[in-house]
Amino acid sequence: MDKVILVDENNKKIGLEDKLAAHQKGLLHRAFSILIFNSSKEFLLQRRANNKYHTPGLWTNTCCSHPLHNESYDDAIHRRLYEEMGMECNLEKSYSFVYKSKLNENLTEFEHDTVFIGQTNKKPIINKSEVSEFRYVNINDLLIEVESNPNSFTPWFKMIVNNLDNYFFESKNFSFNA
């Protein structure tokens, strides 16, 4: 089984644990989330596959996962973006946050999540074992949808969305690569 990197609140590695066990025990571990935008500043969402052991069928950010033991964030984010979405693009670290969310009676998500963002017009080629579908949405429609239908989205994505607004787009100076 895959192992996750256990960390303290400052993202300092303190150990390893099986991924499922870490979620069952609610242990703080390292994770990342990737946000991809196109040249129209539409956000690429994915719907998690129905066979996922937690949050199946919910909408979320373009890609999310955990770095492997002794794997850099840079290697992990590009590996998983390609594995889940069949995409490659330049990614830039944006920010990190810690969150804890009870997913169900047996699983708790407790992650130190580092958010990476990128821009591309390349279309995803989704891995159906990870992703059931994808769509592009502008930020205003996304904010309305998350507010009106919050149970359709993953807990971490709702937290990420709360940090998105028009200022976010205007304040970031990402060079666009088609």
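Leaving aside neighbours within four places in sequence, Glu71 is in contact with Ala76 and Arg79. This is a predicted model, and Glu71 sits in the loop between β6 and α2. Glu71 has a relative accessible area of 18%; because the limit for a buried residue is under 20%, Glu71 counts as buried. Its side chain has two polar partners to consider. The side chain of Glu71 reaches the backbone nitrogen of Leu68 at 2.8 Å, and it makes a polar contact with the side chain of Arg79, also listed at 2.8 Å.

Helix α2 covers residues 73-85, 13 residues in total, and reaches 17 Å from its first C-alpha to its last. That is close to the 18 Å expected at 1.5 Å a residue. The residues of α2 that are buried are Ala76, Ile77, Arg80, Leu81, Glu84 and Met85. Viewed down the helix axis, these buried residues fall within an arc of 120°, so they line one face of α2. Ala76, one of these buried residues, is also a contact of Glu71. The cover over the buried residues of α2 includes the strands β3 (29-37), β4 (43-48), β6 (63-65), β8 (108-119) and β9 (131-137). Just after the helix, Gly86 takes a positive phi of about 60°.

Among the strands that cover α2 is β8. In β8, 12 of the 12 residues are buried, so the strand is largely enclosed by the rest of the structure. Both of its faces are covered.

Strand β8 pairs with β3 in the parallel sense over nine bridges, and Ser33 stands opposite Val115 of β8. With β7 (residues 92-102), β8 pairs in the antiparallel sense over 10 bridges. Lys93 has Phe116 as its bridge partner in β8. A hairpin of five residues joins β7 to β8.

The cysteines remain. How many disulfides does the count come to? The count is zero. The sulfur of Cys63 lies 6.3 Å from the closest cysteine sulfur, that of Cys64, which is too far for a bond because a disulfide needs the two sulfurs within 2.5 Å. Cys64 is likewise in no disulfide. Cys63 is buried, at a relative accessible area of 0%, and Cys64 counts as buried at 12%.

Technical notes
Residues are numbered from 1 along each chain as its sequence is written. This is a predicted model: local features need pLDDT of at least 70, side-chain atom pairs count only at pLDDT 80 or more; totals for chains, interfaces and linings use all residues. Side-chain values use heavy atoms; hydrogens and water are left out. Helices (H or I, at least four residues) and strands (E, at least two) are DSSP runs, numbered from the N terminus. The expected span of a helix is 1.5 Å times one less than its number of residues. Buried means under 20% relative accessible area, exposed over 50%, partly exposed in between (1.4 Å probe, protein chains only). The arc is that of the directions from the helix axis to the C-beta atoms. Contact means heavy atoms within 4.5 Å. A polar contact is a pair of N or O atoms within 3.5 Å; within protein, one must be able to donate a hydrogen and the other to accept it, and residues adjacent in sequence count only if both atoms are side-chain atoms. Two strands pair if DSSP finds at least two bridges between them.
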